[in-house]
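Take a moment to look over the model below.

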Amino acid sequence: MTAPPLAPLANVFLRIGNLTFGGGGPTIAAFQRELVDRRHWLSPEQFALSYALSRITPGTNLFAFCTCTGALLRGFAGALVALLAASVPSCILVAVLTAGFDTASRWGAVNVAIDGAVAASVGILLASCWSIIAPYVTRANGVRTALLAGVSFGLSMISTPLLVLGLAAVVGWFWRERE
Amino acid sequence: MSLWTLYFLLLKATLSSFSGLASLPILREDFVVRRPVLTDRQLNTALVIGRTTPGPKGLYVVSLGYYVAGYPGAAIAWAAVVTPALLVVAMLGVAARFTGDPRVKRMLRAVVIASAGISLSATLPLGIDALTTPLAWVLAGASLVILLRTEVDTLWVMAGAALVSLAASALHLKAG
């Protein structure tokens, strides 16, 4: 893994952070595809670390993920560049859209295009869930991985994500490896 | 309301939440109930805008900031949203010291697997909201297959879905 220069790093966070619809989940999935699978800037283990830390950081998970990934790639400068590139344009868009919301909501074509993009984001989220757990679905640990993901899925319907993650961390502490 | 007060109220709400819309009850309490500087209608509009723009849904906070104090309020809200993210740099420094420990590795792995389960549960409301027509189901299914089977950029998948939706609308089919 070689550390990318700040300009291409900013370009990736600018592009994916500000052009992916559907919330933080699909955006992190797009980052995983770009940073791990396509550019090989991050190893799957670094992605997992960044993803895990972003889930236990208060506030918006996506911005914590961008900051953490930027820090892993280029230290504090990388963290700042990634955070600014991923957040500033979309925040400006939100402010401008809020100012002209009544006008924009009357453009039917805009709403139709967003409906299509949001439908795609459901598929993107599902693909993301699979690509996150796929490395852990091995012959030795597949059943336990599926069980942990399934129980977390069920618990998160009735509990807070932080509690579920805390319980998972305890389970992980006592998780015994099988070869 | 001063911009400092706005910043600290928004920061308090974002610091006390761990996902996109979890700060909503606190913000409603602070801005609609205790200090009536916003209406429920503005809150709902902010949620719609956060939902329909790219990036995290938590950006509805920026829309709230705009409603409270115009563009300066939106800038302050941006600052409140990104401030907690900087905490992760310190957390990374601590975590990096322990990532060699097999137990910490297993904990992180379990947290990642659990996160996938949590993301799956977050997909449900999104799916219920978005998959209301056969075309929307087709777009979601096609996106899933394309992403699992090919190397196509996610952005092209979304752009393609938006174009198909527009084309279908022209033919009087709807995606949502």
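Begin with Ile113(B). Leaving aside residues up to four places away in sequence, Ile113(B) touches Ile133(A), Tyr136(A), Thr145(A), Leu148(A), Ala149(A) and Ala168(A). Keep in mind that this is a predicted model.

Now turn to the contact between the chains. Chain A puts in 86 residues, and chain B puts in 81 residues. On the side of chain A that touches chain B, the elements giving two or more residues are α1, α2, α3, α4, α6, α7 and α8 of chain A. Which of them gives the most? It is α6(A), with 22 residues. By type, this side of chain A divides into 56 nonpolar, 26 polar and four charged residues.

Next, stop at Ala85(A), in helix α4 of chain A. Is Ala85(A) buried or exposed? It is buried, because 22 other C-beta atoms lie within 10 Å, and the cut-off for a buried residue is 20 or more. Not counting residues up to four places away in sequence, Ala85(A) touches Ala10(A), Phe13(A), Leu14(A) and Gly17(A). Val112(A) is 27 residues from Ala85(A) in sequence. In space, the two are 27 Å apart, C-alpha to C-alpha.

Move over to chain B and its helix α7. This helix has 16 residues, 134-149. At 1.5 Å a residue, it should span 22 Å. Its end C-alpha atoms are 22 Å apart, so the two values agree. Several residues of α7(B) are buried, including Leu135(B), Ala136(B), Leu139(B) and Ala140(B). Further along α7(B), Ser143(B), Leu144(B), Ile146(B) and Leu147(B) are buried too.

Finally, step back to the domains. Chain A has domain 1 (6-134) and domain 2 (137-179). Their C-alpha centres lie 25 Å apart. Each of these two domains gives four residues to the contact between them. On the domain 1 side, those residues are three nonpolar, no polar and one charged. Chain B is divided into domain 1 (3-85) and domain 2 (131-176). The centres of these two domains of chain B, taken over C-alpha atoms, are separated by 31 Å.

Note on methods
Residues are numbered from 1 along each chain as its sequence is written. Chains are lettered from A and ligands numbered from 1 in the order in which they are written. This is a predicted model: local features need pLDDT of at least 70, side-chain atom pairs count only at pLDDT 80 or more; totals for chains, interfaces and linings use all residues. Two residues are in contact if their C-beta atoms, placed from the backbone, lie within 7 Å. Helices (H or I, at least four residues) and strands (E, at least two) are DSSP runs, numbered from the N terminus. Ala, Val, Leu, Ile, Met, Phe, Trp, Tyr, Cys and Pro count as nonpolar, Asp, Glu, Lys and Arg as charged, and the others, Gly among them, as polar. Domain bounds come from an automatic or database domain assignment. A residue is buried if 20 or more other C-beta atoms lie within 10 Å of its own, exposed if 12 or fewer, and partly exposed in between; C-beta atoms are placed from the backbone. The expected span of a helix is 1.5 Å times one less than its number of residues.
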